[in-house]
Amino acid sequence: MFELAEKIMLTGMGALCMTQKKAEELANEMKERFNMTEEEGKAFIEKMQQNFEQSQQKLEEMAQQEVRRAAERVGMVTREEFEQLQQRIQQLEQTLASSQK
């Protein structure tokens, strides 16, 4: 399950690198073909980066949801649930220790 999350994150990072490079190549190509100015090229790259960041955030949210679902299917508890159980055990141990005195 953690391998799945790791693969998803690595895929996202790889896509980020590829997408930025491709966006720059596309911007350069558009500048040549359509006589775009430097400012227009920069604006185009910025827009492409914003679109990618939004897509990346959605992908990360979907990956996190899938990891949560997989954890629930195999019966894993969340860190928050685990910490709550630890606190409860400590309270019960303290109560038991004080009642034995």
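1. Confidence first: in this predicted model, helix 1 (residues 2-34) has the lowest confidence in the protein chain, with a mean of 64, while helix 3 has the highest, at 93. The score here is pLDDT, the predictor's confidence in each residue, from 0 to 100. Helices are DSSP runs (H or I, at least four residues), numbered from the N terminus. The chain averages 77, and 76% of the residues score at least 70. Where pLDDT is low, the predicted coordinates should not be read in detail.

2. Some ground rules. Residues are numbered from 1 along each chain as its sequence is written, and side-chain values use heavy atoms, leaving out hydrogens and water. Local features need pLDDT of at least 70, side-chain atom pairs count only at pLDDT 80 or more, and totals for chains, interfaces and linings use all residues.

3. Now look at the salt bridges (a side-chain nitrogen of Lys or Arg within 4 Å of a carboxyl oxygen of Asp or Glu). The structure holds two. E66 pairs with R69, with the closest N and O atoms 3.4 Å apart; these residues sit about one helical turn from each other because they are three residues apart in helix 2 (residues 38-74). R73 also bridges to E66, at 3.3 Å between the closest N and O atoms. Shared partners join E66, R69 and R73 into one network.

4. How open are they? R73 is exposed, at 60% relative accessible area, whereas E66 is partly exposed at 27%. Exposed means over 50%, buried under 20%, and partly exposed in between (1.4 Å probe, protein chains only).

Definitions and conventions: Helices (H or I, at least four residues) and strands (E, at least two) are DSSP runs, numbered from the N terminus.
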